[in-house]
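Here is a friendly briefing to read alongside the model.

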Amino acid sequence: MEGSLYPNRPILPVQSTKPTPLPPIQRLKLNPTTTSPLPPLKRQLLQSQKPPTSSSSSSSSSSSSSSSFPLDSLLQHLLHVSYSNPPTTITESSRNSNTHLSSLPISLENDDTASQLESDTDRSLDFLSLKCKLMIHSILGRPLSHLTEFFDSVKFELLQADLMSLLKVLDVLGKWDRAILLFEWVVLNIHVENDKQLDNQVIEFMVKLLGRESQHLATSKLFDVIPFEDYSLDVRAWTTVLHAYSRIGKYDKAIALFEYVKEKGLSVTLVTYNVMLGVYGKKGRSWNNILLLLDEMTSNGLQFDEFTCSTVIAACGREGLSAEAKEFFDGLKRKGYVPGTVTYNSLLQVFGKAGIYSEALSVLKEMEENNCPPDSVTYNELVAAYVRAGFLQEGAALIGTMSHKGVMPNAITYTTVIDAYGKAGKVDKALSFFKQMKQAGCVPNVCTYNAILGMLGKKSRVEEMMDMISDMKLNGCAPNRITWNTMLAMCGNRGMQKYVNHVFHEMKSCGFEPDRDTFNTLIRAYGRCDSDFNAAKMYDEMIQAGFTPCITTYNALLNALARRGDWRAAESVFSDMKKKGFKPSETTYSLMLHCYSKGGNVRGVERIAKEIYDGHIFPSWMLLRTLILANFKCRSLMGMERAFQELQKNGYRPDLVIFNSMLSIFARNKLYDRAHEMLHLIRENGLQPDLVTYNSLMDMYARAGECWKAEEILNRLQNNGGKPDLVSYNTVIKAFCRQGRMEEAIRIFSQMTERGIRPCIVTYNTFIAGFAARGMFSEVNELISYMIQHECRPNELTYKTIVDGYCKAKRYQDAMDFVLNIREKDTSFDEESLQRFASRVRGNMDS
């Protein structure tokens with residue numbers, strides 16, 4: 001419902017068509033020769049896999065979807081590109097199946113034969129013994145996938161060889177991936193055969209090699225096996241291992257190793273401390289630990305550098321600690337520290353994440369006053385601040401500003417704008433920026449493609465997704481783990497549990513091991529599939545894999561609970577999160593609002609609203625927007641008005657969804673002047689009405705009894721190039737039926753079917769109500785037969801409307817006869833419902 005509220009104000013008709021006097025009652029029929037046949041309801045159910053609803057015309061807004069989502073074709077495209085551009089990892093298939101170190105990330109290279117390398121390498125091998133030379137040639141002459149098998153076949157020779165020399169030669173020859181495979185094999189076999197092969201020199205050499213090649217996962221997994229307390233490495237090597245743990249999210253292991261390094265009495269460097277600041281910053285709920293670490297650095301006589309300052313400020317941004325970030329920044333300046341561009345950029349990011357664009361602008365102003373030149377990162381953070389506050393056009397305009405000031409927009413700049421428009425549902429506008437990006441000579445990166453794939457996936461625009469994946473291949477841009485996470489999220493959004501399992505399997509088969517973000521995505525995806533069991537299972541697997549839950553993990557759990565409105569369970573998760581030291585983010589509070597509104601807990605919504613208005617929760621654009629929509633779901637007019645006023649007071653710009661919500665709530669409460677005011681604001685804010693806006697206007701006029709104006713809005717929608725949907729036609733049909741103008745309702749019905757829009761149960765129930773209200777029970781009975789004949793079985797509301805129509809006309813005997821004859825036409829109707837209708841008739845007779 002969130003994306004289907006009411007937007008831009010269309011120009012209202014100057015005068016409406018004068019209604020003609022009601023004609024005398026006559027026989028009106030839905031002629032099957034002039035109208036399209038009713039679609040079989042069972043077929044609709046099979047196609048959409050959703051039960052029909054009949055409470056209102058709006059509940060039938062979604063047309064039946066295709067019977068199967070073409071994910072297989074899309075997946076084949078992605079697999080083709082993934083295999084054409086293999087990830088920089090060697091997968092488990094390249095190793096012996098008995099290995100304990102599955103899927104170490106080692107870059108692949110084309111396999112060269114020994115004969116091709118002999119002329120280049122012979123001189124490099126002069127210092128080796130003949131056996132070592134032969135071993136090197138054998139290693140170089142085999143494909144990576146067969147090396148483990150080869151190592152097993154020459155196990156005795158390898159364990160007697162000079163391992164350090166072999167590793168160094170392979171590295172000098174640029175075959176560091178083979179060196180890592182050899183080292184891994186030795187680690188797995190050395191403790192059994194010969195514990196002298198691995199000495200401090202070998203370990204230090206390999207740690208530095210792994211760090212140089214950014215093989216963080218490999219480093220981490222190897223040191224899960226190697227008992228580091230048995231080796232005395234220098235602080236640089238330990239810092240490399242700490243960095244590896246930090247990069248893959250194993251923060252607790254990094255902290256334990258850091259304590260071990262200090263216990264060994266090693267002189268910890270500034271770089272080591274900076275790495276640990278990053279560890280605590282990423283781990284979350286660690287602000288006090290960061291402050292202790294800063295004190296420790298000062299006590300050891302270390303001067304903060306720009307990396308130190310930016311890392312601490314970035315940690316505040318992750319936790320939503322904008323006040324703490326500002327205080328830390330101001331404290332640095334009081335001590336004489338002169339911030340550089342990197343530090344300013346980190347502060348910009350904090351305010352950008354919080355949506356406090358006014359503070360972000362003040363940071364930019366301070367940079368200019370201090371002659372600190374903004375760079376592309378500065379402007380990228382400013383773009384992010386604008387779009388998070390709802391100012392998409394202003395954010396996009398910065399692209400031109402950057403070019404004018406000699407700072408060229410890069411892929412991050414464009415991706416930020418593209419992603420913002422995509423999240424706002426303006427996919428075509430986002431794609432236009434993608435086109436502009438390429439025309440400007442800016443090469444899209446994998447993040448750009450991931451953002452576009454995500455927004456296209458939400459709209460089920462599969463063919464365009466396949467085109468985008470092909471474009472990735474043409475640009476030599478290989479899919480990464482986030483690409484696969486996007487695919488997982490898309491499957492979850494569509495509620496397709498079997499596809500989540502399938503995509504996850506294919507992701508791993510391509511060499512992408514799940515990281516913490518993958519597990520968080522899986523928790524969200526299974527939650528959207530209403531599979532709490534699998535969501536909980538993914539949480540357990542994440543813990544077992546050594547990843548620490550973060551705020552995103554808790555939000556993923558809350559998202560699953562919000563979908564079904566289980567606010568009691570959500571409150572339990574929220575409480576547990578706070579007990580463990582996590583500070584709720586704006587997403588956390590937004591999910592709680594969704595959960596309360598879905599579960600009908602108005603007081604829960606009011607509690608969070610009070611905390612926002614009292615200043616305990618920062619009123620970001622996203623949070624106030626969610627508060628408006630939550631109040632809309634709860635039908636709370638006062639709550640919506642207060643939240644809307646707060647949004648305006650903070651200088652935020654409402655989007656079309658917000659305006660549509662306000663228009664709709666005013667229309668439902670017959671506050672037509674306020675509804676027109678919203679229409680005026682829509683145009684004043686440079687927005688254009690969408691289908692939902694027009695549908696809302698039609699509904700407003702239908703409720704006011706102005707059926708002719710409702711039809712004029714329908715015609716205006718078509719004249720402006722819009723395409724009315726089932727809701728549009730149902731609303732206008734309802735407007736005429738309520739005024740007793742059945743012939744006009746049938747005219748609209750004919751227009752609808754001629755446009756290929758199939759009527760639903762709500763359409764027919766509207767006609768039933770109109771006929772019954774005018775006493776046209778012959779037409780009612782014909783319509784019931786027509787519905788059953790075309791496999792659209794009347795529901796309980798259908799029969800209730802007819803029974804009440806008879807009773808209202810005081811035709812009690814006819815009502816009882818109708819009830820008794822229902823089973824003759826509709827054999828599926830149960831006896832209990834018949835008895836309930838009979839009691840209803842008798843109750844009306846007695847009254």
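This is a predicted model: local features need pLDDT of at least 70, side-chain atom pairs count only at pLDDT 80 or more; totals for chains, interfaces and linings use all residues.

K262 is partly exposed, with a relative accessible area of 26% (buried means under 20%, exposed over 50% and partly exposed in between, using a 1.4 Å probe and protein chains only). Residues are numbered from 1 along each chain as its sequence is written, and side-chain values use heavy atoms, with hydrogens and water left out.

**Overall picture**

- The chain has 45 helices and zero strands (DSSP runs numbered from the N terminus, with H or I of at least four residues for helices and E of at least two for strands).
- Of its 847 residues, 54% count as buried.
- Taking contacts (heavy atoms within 4.5 Å) between residues at least 6 apart in sequence, 69% join residues at least 24 apart.

- Helix α17 covers residues 341–354, which is 14 residues.
- From first C-alpha to last it reaches 20 Å, close to the 20 Å expected at 1.5 Å a residue (the expected span is 1.5 Å times one less than the number of residues).
- Because 11 of its 14 residues are buried, α17 is largely enclosed by the rest of the structure.
- Among those buried residues are Y344, L347, L348, V350 and F351.
- The neighbors that the buried residues of α17 pack against are α15 (306–319), α16, α18 (357–369) and α19 (376–388).

**The nonpolar core**

- The largest nonpolar core holds 262 residues, and L182, F183 and F767 touch the most other members (such a core is a set of buried Ala, Val, Leu, Ile, Met, Phe, Trp, Tyr and Cys residues joined through side-chain atoms within 4.5 Å).
- Helix α8 (residues 176–193) supplies the largest share of this core, with nine residues.
- As general background, nonpolar side chains tend to be buried together in soluble globular proteins.

**Salt bridges**

- The count comes to 30 salt bridges (a side-chain nitrogen of Lys or Arg within 4 Å of a carboxyl oxygen of Asp or Glu).
- K262 and E296 meet through their side chains in one of these, at 3.2 Å from N to O.
- That pair links distant parts of the chain, with K262 in helix α12 (residues 251–263) and E296 in helix α14 (residues 287–299), 34 residues apart.
- E296 counts as partly exposed, at 23% relative accessibility.
- E744 and R747 form a salt bridge whose closest N and O atoms are 2.6 Å apart; both lie in helix α40 (residues 742–754), three residues apart, about one turn of the helix.
- Within this pair, E744 is buried at 13% relative accessible area, whereas R747 is partly exposed at 29%.
- Salt bridges with shared partners join K326, D330, K333 and E366 into one network.
- Inside that network, K333 bridges to D330 with the closest N and O atoms 3.9 Å apart.
- K333 and D330 sit three residues apart in helix α16 (residues 322–334), so about one helical turn separates them.
- K333 is partly exposed at 30% relative accessible area, and D330 is partly exposed at 22%.
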